[in-house]
Amino acid sequence: MSMTFQPLFGHAHKRPFLIAGPCSAETEAQVLQTARELALQGIDLFRAGIWKPRTRPGEFEGIGTPGLAWLRRVKEEVGLRTTTEVANTQHVFEALKYGIDVLWIGARTTVNPFSVQEVADALRGVDIPVLIKNPVNPDLKLWMGAIERIYKAGIRRIAVIHRGFSHHGETRYRNVPRWQIAIDLKRHFPDLPIFCDNSHICGRRDILREVAQQALDLNYDGLMTEVHPSPDQAWSDAAQQITPLQYGEMKAMLQFRRSGSEDPNFAQHIDHLRHQIDEIDEEILQLLSHRMNLAQGIGEYKRRNNIAIVQPTRWSEIVDKATAEGRKKGLSDEFVETILRAIHQESIRRQSLVLHEETQQAS
Ligand code: PEP
Ligand code: MN
């Protein structure tokens, strides 16, 4: 389905678009203090969770509807637009009643098409910007599905938030970024703004700036960051929140990139480099096709001699040799292995087809 999105506010997207505020609204004083201090740092949208989807019951599940009145005060007294998370019909109606400017759909909601559809149905006929976080699991289609459901409800002011994906095992992140998934999403929806929620990717303070910078280097349109007046005392996500001052410091150190340049020399130079890259990509494809044909030939030969397709010793020899060679050329082991694995899988598939043909002929 072809989809065209509209800017969240006004005629053009403001870049970078900065969203900040506490993980949760806790008290009226905390919300207003954070908003006042963040307004001084220059942000575009104030966030605060009113209903919190917690992993275990008994944790702080959000202050609920009374907090919406505090967000209304932020808007009236501090002059910042506000956003909060909605996960069901009641959340949507309450948030609209209190004049929340932007709604966001959380990662635990995006995973569930029933919930996304419920929110979409509640939004039918309403003109409000909606931000859609990636699902908790690394599933591009679920993310796209949520965008499509909200779009079909008539919402045109949509943006997405990349907050990382849950991961089994040790990592330095709370939610691993897997940048490629977000890049793939942009390939499907080129004019959809994308913001990086560096707080939920990191889960800790010390690498917030690094991840924000990576996102900006990848041409992201903005950031969503959790900010609290006394982060260590926060009722949720204490380890990843920073003070408004620390937020200002982070912002000052970030390099905001332009997405393009009017300078003709710049365009010419980039064109030249891109042209070379296109040529190399074409050569790579040519070589891959050649390699697959050879593998297929080997498959046929193995078939005639009745030899099994996968020869584990051969595979480890290839990997060892290539990673050693790659290292000399400045390529990481991980990169070389990923590519080889994909090539190897395709070779096996081709060779299995050869055997399969034989079985079919025999039967
Ligand atoms: C949040 O923004 O506080 C939140 C709950 O985020 P997520 O849905 O990304 O986990
Ligand atoms: Mn949070």
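**Stop 1: a buried arginine and its partner**

Select Arg157. This residue is buried, with a relative accessible area of 17%. Bear in mind from the start that the model is predicted.

Asp127 and Arg157 form a salt bridge, with the closest N and O atoms 3.4 Å apart. The two residues are 30 apart, and the pair links distant parts of the chain. Asp127 sits in the loop between helix 5 (113–123) and strand 5 (130–133). Arg157 sits in the loop between helix 6 (140–152) and strand 6 (158–162). Is Asp127 buried or exposed? Asp127 is exposed, at a relative accessible area of 61%.

**Stop 2: the whole chain**

Zoom out and switch to a cartoon. The chain has 13 helices and eight strands. Its C-alpha trace spans about 80 × 55 × 40 Å along the principal axes. Of the 363 residues in the chain, 44% are buried.

**Stop 3: the manganese site**

Select ligand 2, the manganese ion, and show its protein donors. Which atoms are they? They are Cys23 (SG), His200 (NE2), Glu226 (OE) and Asp237 (OD), at 2.1 to 2.4 Å from the ion. Along the chain, the donors follow the spacing C-x176-H-x25-E-x10-D.

Now keep Cys23 and Asp237. Cys23 is in the loop between strand 1 (17–21) and helix 1 (28–41), and Asp237 is in the loop between strand 8 (222–226) and helix 10 (244–253), so this pair ties together parts that are 214 residues apart in sequence. Cys23 counts as buried, at 2% relative accessibility. Asp237 has 17% relative accessibility; it counts as buried because the cut-off is under 20%.

Check the backbone of Asp237 while you are here. Its phi is near 50 degrees, a positive value in a residue other than glycine. Most residues other than glycine have a negative phi.

**Stop 4**

Glu226 lies in strand 8 and Arg47 in strand 2 (residues 45–47), so the pair ties together parts that are 179 residues apart in sequence. How accessible is Glu226? Glu226 counts as buried, at 0% relative accessibility. Arg47 counts as buried too, at 1%.

**Stop 5: other charge pairs**

Side chains of opposite charge can pair when their charged atoms come close. The structure holds 22 salt bridges.

Select Asp232 and Arg205. Their side chains meet in a salt bridge, at 2.9 Å from N to O. Asp232 is in the loop between strand 8 and helix 10. Arg205 is in the loop between helix 8 (198–202) and helix 9 (208–217). The two are 27 residues apart, and the pair links distant parts of the chain. Asp232 counts as exposed, at 58% relative accessibility. Arg205 is partly exposed, with a relative accessible area of 30%.

Next, select Glu28, Arg36, Arg73 and Glu77. A network of salt bridges links these four.

**Stop 6**

Select Asp278, Glu279, Asp281, Glu282 and Glu283. They gather in a patch of negative charge on the surface. Asp278 belongs to helix 11 (residues 264–305). Its relative accessibility is 48%, so it counts as partly exposed.

Switch to Leu331, Phe335 and Ile339. These three form a nonpolar patch on the surface, and together they have about 250 Å² of accessible area. Phe335 is in helix 13 (residues 333–362). At 43% relative accessibility, Phe335 counts as partly exposed.

**Stop 7: backbone details**

Hide the surface and show the backbone. Select Arg15 and Pro16. The peptide bond joining them is cis, with omega about -10 degrees. Pro16 is in the segment before strand 1. Most peptide bonds are trans.

Finish at Asn306. Asn306 lies in the loop between helix 11 and helix 12 (312–328). Asn306 is exposed, with a relative accessible area of 71%.

Technical notes: Residues numbered from 1 in each chain as written. Chains lettered and ligands numbered in written order. Predicted model: local features only at pLDDT ≥ 70, side-chain atom pairs only at ≥ 80, totals over all residues. Heavy atoms only, no water. Donors = N, O, S within 2.8 Å, 3.2 Å for Na, K, Ca; no water. Helix = DSSP H or I, 4+ residues; strand = E, 2+ residues; numbered from the N terminus. Buried < 20%, exposed > 50% of the residue type's maximum accessible area, 1.4 Å probe, protein only. Patch = residues over 30% accessible without salt bridge, like charges linked within 9 Å, V, L, I, M, F, W, Y side chains within 5 Å. Areas by Shrake-Rupley, 256 points an atom, 1.4 Å probe, with all protein chains shown as cover. Lys, Arg positive; Asp, Glu negative; His and termini not counted. Charge placed at Lys NZ, Arg CZ, Asp CG, Glu CD.
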